[in-house]
Amino acid sequence: MKITRINSLLLCAMLLLSSISATVFAKHHGKIQGHYFLIDHDVVNQAYKLTFKPNKQVTLFGDLETTGQWQWTPEQQLHIQLDRPLTQYEQLMAENETHVYRLTALTINTQNQGQDTHYTQHIQIWHKEAQKVLRTFTQTNSAKLMKQRQLKKWQTQLVNKTWDIEVMDEVTHDDVPWFKAASTARVTFNDDGTGSVQHWDNTQSTLTWKVRGKRLILQYHSGDKPIKYVLRVIDYIDDIGLSFVAKQVNKTTKSARWLHGLMIEKQDIVLTHEQVVGQWHTFGRYHDYYPDQIAVANIAHTASQWSIDNLGQLNREKLDHPELGTVLRCPDNSCYVSCQFYYELLAKKGDTLYVNFYFYSEFYPQGPLKMQGKRIIKVEVRDQLGVNAFSDSFLGYTNMTLESEGESIPYFFNMMPTPDGHAVSEVTSPQGTGTFSIIDGKLHTLINEQKMVYEMTQFRRDGIEVCYYPDGQSCLTGHSAEFKFSHDAGPYIED
């Protein structure tokens, strides 16, 4: 009898705790209702509007609109299963073989609402002609999940200033009918609700504007398309601009899409030689701009000449050789410019630059160069040139030659994404193909079951001096060598 009573009490206690836990869980997560925005930090301008309903229904707005079901996962993440796949883009692989990348679900970490978090896209590759799924994979991106009411009020004085606004314009070319690219436009606002737009091709058009609540509503034409562009403030950027989430509507077709971007006030400044020199960091990549006007991408990749043009813009050119590929200096008279890159300074705050970046590129080898669109990028400029340790940042797709004791041994480092969204770090040398990793700034390679460690001892523009040794030893018993880069920039000698 006593045992039965204890078991009954234990059962009641467990049921009570379970009820309390369920109540707390429901109370904590019951806030996922109403309108939210998911701002992707890794995919340019990608944003979703999400409308959650109490009956576990959700509507997702991106380039298109679709519905789905939402639920909490055991890890207390928010999972959204779409009722039908949402096409992201198509890729023509061969004749009668088109691969369509389709979003089927999202899993969102909701613990840091309004702050940086991450979410996972569940993607399937669909064979358009065969009408079947080829494979599925996931891709995890950094992002921000915001409630609609967390968006800021419009406090910025717009009139009598010049603004650059992302994704306001669209670049097209008559002789390339399939091509279109989003582009920044330059806007001025008048106090009577009118204004002007300077488009990517320097043509001008008029606009009307008004602020209604938290929304800035712009109406204008992009080419022959009448556009309604409704911007809402995510964050203010000091006193120079803001980040926004927006709904863009083609008023003729009624098609709409959600996106995010930057709106920056154009300051009366241009780039100078002194401002350019240094290491420019943006979106996980960097360029070293040397005083002798040579620029090197990620220390070991391509090198190019840089200059300041008569408009105060930074300019670089990609010089290609029919057999050698991208070169810094042409060895004969067969080279041609395949890309031209421009950086126009909009605003500066300390060591941070906000730059209008655009480029012209060929559509076929040695074809005419055509505008590919404009976007605003945030650049962190550092005084240092080069690096002082190994990192993944320059070993993504890199050829280097190890020169040691009279031998020259080619190495190829490659970090490639796998279909499941991860990456494989491979290294290839005459000894075979293996893997590599970076641990505490040291390069570790594993080829044919032999582990080697490389420590950087000195950086130069044309290579890295290292000591190397078998795993478990140190530089005291190792050998000296140099990894030479293939970009032909040569050493930089300070005056």
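Predicted model: local features only at pLDDT ≥ 70, side-chain atom pairs only at ≥ 80, totals over all residues.
Lys 225 is partly exposed, with a relative accessible area of 29%.

The structure holds 18 salt bridges. In general, side chains of opposite charge can pair when their charged atoms come close.

## Further pairs across the chain

Lys 370 and Asp 175 also form a salt bridge through their side chains, at 3.1 Å from N to O. Lys 370 lies in strand 25 (residues 370-382), whereas Asp 175 is in the loop between strand 9 and strand 10 (176-189), so the bridge ties together parts that are 195 residues apart in sequence. Asp 175, at 54% relative accessibility, counts as exposed.

A further salt bridge joins the side chains of Arg 186 and Glu 344, with 3.0 Å from N to O. This pair likewise links distant parts of the chain, with Arg 186 in strand 10 and Glu 344 in strand 23 (residues 336-349), 158 residues apart. Arg 186 is buried, with a relative accessible area of 19%, and Glu 344 counts as buried at 15%.

Salt bridges with shared partners also join Arg 460, Asp 462, Glu 465, Glu 482 and Lys 484 into one network.

## The nonpolar cores

In soluble globular proteins, nonpolar side chains tend to be buried together. The largest nonpolar core of this model has 32 residues. Those with the most contacts inside this core are Ile 299, Phe 390, Phe 394, Tyr 411, Tyr 454, Ile 464 and Phe 483. Several strands give two or more residues to the core, among them strand 19 (294-297), strand 27 (407-417) and strand 33 (479-485). Strand 31 gives the most, with 4 residues.

Which residues does Phe 483 contact, leaving aside its neighbours within four places in sequence? Its contacts include Phe 390, Met 400, Leu 402, Tyr 411, Leu 443, Tyr 454, Ile 464 and Val 466. Asp 462, a member of the salt-bridge network, is also in contact with Phe 483. A second, separate core has 25 residues, including Ile 165, Val 167, Phe 244 and Ala 246.

How values were computed: Residues numbered from 1 in each chain as written. Heavy atoms only, no water. Salt bridge = Lys/Arg side-chain N within 4 Å of Asp/Glu carboxyl O. Buried < 20%, exposed > 50% of the residue type's maximum accessible area, 1.4 Å probe, protein only. Core = buried A, V, L, I, M, F, W, Y, C linked by side-chain atoms within 4.5 Å. Contact = heavy atoms within 4.5 Å.
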